[in-house]
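Have a look at it first.

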Amino acid sequence: MNPNHFFQPKKLALSVSLAMGVAGTVAMAQDVENADGEERILEEVVVTGFRRSLTDSIEAKRSSSSVIEAISAEEIGKLPDVSIAESLGRLPGVAVARLNGRGQVVNIRGLSPDFSTGLLNGREQVSVGDNRGVEFDQYPSELLSQVIVYKTPDAALIGQGLSGTVDLRTVRPLEFGERKISLNAQLEEAEYDLVSTQDNRGHRYSASYIDQFADDTIGIVLGVASISSPNYGQNNNAWGYYAGDGNGNVAVGGGRVWARASDLERDSFVAAIDFEPNDRLSIEFDAFVSSFEESQIKHGLVMNLNNGTLVATETSNGVVTAGTQQGTIATENNVFLRDADSESFGINVEYDMANDWTLTLDLSRSKVERSDTAEFESNGALMDGNGNVLTDTIGFRTGKEGSIFSTGRDYSDVNSFYLTSPFGWGDGNALAPYQPAGQFGYNKVFDVNDEINAFRAELAKDIEFGPLSRVEVGVNRTERDKDRVSNEGVITSGVSENGALLAAVPLTANLAGTADMSFGMFGNNTQIMAYDPYAALRAGLIQQGAYLYDDIFAKAWNVSEEVTTAYVKFDIDTEVAGIPVTGNIGVAYQSWDQSSNGTDASGAGANLVTYASSDSDSDSEILPSLNLAFEIAENQLVRFAMARNLARPRMDEMKAVSYYSADATKDVITQADIDALAAATNELNAYATLSPWTRNGGNTKLKPWIADNIDLSYEFYFDDAASYLAAAVFYKDLKSYIYNQQALYDFTGRPTNGASPQVFVGISNQPANGEGGSIKGYELAASISLGMINEALDGFGVVANYSYNDSQVEANGPGSNSPLPGLSEKVYSLTAYYEKNGFSARINQRYRDGYVGEIAGFGGARTGTDVDEETLVDAQIGYEFQSGMLNGLSVTLQGINLTDERQQRIDVGTGLPTEFQTFGSTYLLGVSYSL
């Protein structure tokens, strides 16, 4: 890092430790003075900052009728972390999945984001992603006042998830009850500075205004947040360990090394208006708007090995740990772009009717429009004067840290560098119009529109009927429509000669730069050619053309659903054997209609044929729930919950579209042939063996994931309001699980590529509901203010939690022995803090065990991969002026990922990394002012 940068590298954790130590010394000195009998100055103690957030969160947990976890802020813009996802990762039973080094989605109780639901002020939200899982980096923490994670549902919780429901909440101005103006500014710097075309410094700004008018009958909230955040990564990727040395040892068969630089820009706005003209009428309106842009560029090398020329120089435990191979090296200069505009609006009207019933009407809309350049890939290579790609002697070293490589040539030499197709990738039929150039690269563009419109009506009344204290009866109607459009294209030569495209195009010197790959390369040649592929496109060196291929059509789809939920819920407030009991009991009836349409396709290029496809389905489910809290002693609660809940299927798996084929060599097969084989084996096997038809696609008739749940917990709350202990166990019985299976499918009407089949039923490889299983676990949590143990420790505290998850679900079906995606057996978070007299310091460590992650593969489809365990360390120090002319001003210094924890994926066979990334640390220096 440049020594002139405003953050000193790797010193923040030490600074936090020193600050906590100095602050503790001051606190103990004050206690000694008091013990010596010197004059005491008694002042009213006002809890603010992180401790205030803790007390608010603990009170929310204690007073809830359901099992929840909470993150609270004492005022808008003061949540304890910059990232909502990373804040959630500090809660019991919640783990964060990182994307490019930042927390993006969460796993609750070992289940992937598909099983949870994201709400904003109690209303279901759309997703920027391809499915339902909310990407929490879209929501700025500065504009939120509280986040509630419901681990058990009640009948009136609309949009509930199967693993949990995350409700993001903004400030209600009339509840806030006072005027507040908050201004925040942070400067950000990334430790890495890998790509000269992008700055490693950024900023975060936010402002909010809360006020009440007209004798507190009108309240408003206005907030705005802007972020420009740099992010860098170093990536080593091994394709796998399969190349043999002839002696039973395996070796790396190829790989990639690249440097990545990205910049995330997000501008968000929140507004809320509360109107309470009298005691009987309340009207609340809120709006959230966000514009999200991310740009990323990667510069790297691709090494194609495994051609039979392996020379092993070192081996260990069946693995070639050092050696050389002859192979081909190509450069990759790739761009990723994401542009997403989100909006959410809601209006809630509550009216107390004359007969003591309260009528609530709620109308909401959530929408996102996203455009992705999922990857604009541009390839190049070194070539000789005859137009041949130069081969190379590629060295490699493999160990527990993964594989690094060396080259015998200089890949930063612009004089012999050409844009070309080094490996001959691509389908020959689809590339026929672009010969002899072929595929210089590829461009994957996806447009996604997701919209939810919802209406809710509810009647509620306080009652006295035995143990029941209140009744709520309601209905909610949700209409959701999601479209995904695939606009893919091949990158090929932009220059022609005598009307024919060139097989290779030299890169002009004015576009050429270099990038340093020394983190993943050894030897003398670690500089590579680096350029902006869009600059090459604008210069006419390359062009994009249509790529007619059947699976591209299967990536484009529309899914629509209409979900109606009717519910009744009774609150419970009674005593059993002298023990106060509170909670709720209820039942929801949910029905749905779902449909999808798109285009089936078969073949490629001139042989491509298409067919308009659609399908629909409907069904319903009854969802009972019970939540009970027993106050067994003062400050001690035992909670028990039972419920059946569901999660809607993944939207990309509900698509009606597919790519398919008809095998002309099976034109002679008749139905009689299939029936004869079916009598000897079974029907499915007969069609799989003899039918000419096969299909790979979605299944619109998917049923939701449904689970029966039991929760039991114990909670002990200390008198200081900032301390508690909790232990919980849970059990989920998934009635089914969705995984890929074979099914019979009617192909009548599908066009073929010259085939003339006599049979029109074949095999569809598609997601389907199958055997489920159990998920169980336990959670331990503690928040301890150390001052209640000894006055000398006043201001110090510890917040810790540990979770264990165990699953008997086989994600790919019975006998597959495949773990659930997103499930980490062990997860913990530990925070130590000091906060007193304006000083504050915190350091947090969070850990998650290894798990199966899901990443986007080449075609954009999700692919499972084993992600190794990781431990992240963040820290913060700050000071807030509490009197004088600077009263309300605070200064903070934060460090994220201080230990530069790598994220790596593991090869199951060897235990070696197939990919690892490092992201560097990020530092933020901020000031905020409130009045």
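What follows is a short tour, starting with ground rules and moving on to salt bridges.

This is a predicted model, so local features need pLDDT of at least 70 and side-chain atom pairs count only at pLDDT 80 or more, while totals for chains, interfaces and linings use all residues. Residues are numbered from 1 along each chain as its sequence is written, and side-chain values use heavy atoms, leaving out hydrogens and water.

**Salt bridges**

Side chains of opposite charge can pair when their charged atoms come close. Here a salt bridge means a side-chain nitrogen of Lys or Arg within 4 Å of a carboxyl oxygen of Asp or Glu. How many salt bridges does the count come to by this rule? The count is 55. Three of them are set out below.

| Pair | N to O distance | Apart in sequence |
|---|---|---|
| Asp274 and Arg172 | 2.7 Å | 102 residues |
| Asp600 and Arg750 | 3.1 Å | 150 residues |

Asp274 bridges to Arg172, and the pair ties together strand β13 (residues 254–275), which holds Asp274, and the loop between β7 (164–169) and α4 (173–176), where Arg172 lies. Asp274 is buried at 2% relative accessible area, and Arg172 is buried too, at 12%; buried means under 20%, exposed over 50%, and partly exposed in between (1.4 Å probe, protein chains only).

In the bridge between Asp600 and Arg750, Asp600 belongs to strand β30 (residues 579–602), whereas Arg750 is in the loop between β36 (724–746) and β37 (761–785). Both residues, Asp600 and Arg750, are buried.

Ile273, Phe285, Ile347, Leu361, Leu363 and Phe455 make up a nonpolar surface patch with about 480 Å² of accessible area together. Patch members have over 30% relative accessible area and no salt bridge, with like charges joined within 9 Å and nonpolar side chains (Val, Leu, Ile, Met, Phe, Trp, Tyr) within 5 Å. Areas come from the Shrake-Rupley method with a 1.4 Å probe, and for residues only the protein chains shown count as cover. Ile347, in strand β16 (residues 319–352), is partly exposed at 34%.

Helix α7 (residues 671–680) packs against helix α8 (residues 683–690) at about 135°, with axes 8 Å apart. Axes are lines fitted to C-alpha atoms, for helices over the stretch in contact, and angles run from 0 to 180 degrees between N-to-C directions.

Gln435 and Pro436 are joined by a cis peptide bond, with omega about 5°. Asp356 has a positive phi of about 75° without being a glycine, and at 59% relative accessibility Asp356 is exposed.

Technical notes. Helix = DSSP H or I, 4+ residues; strand = E, 2+ residues; numbered from the N terminus.
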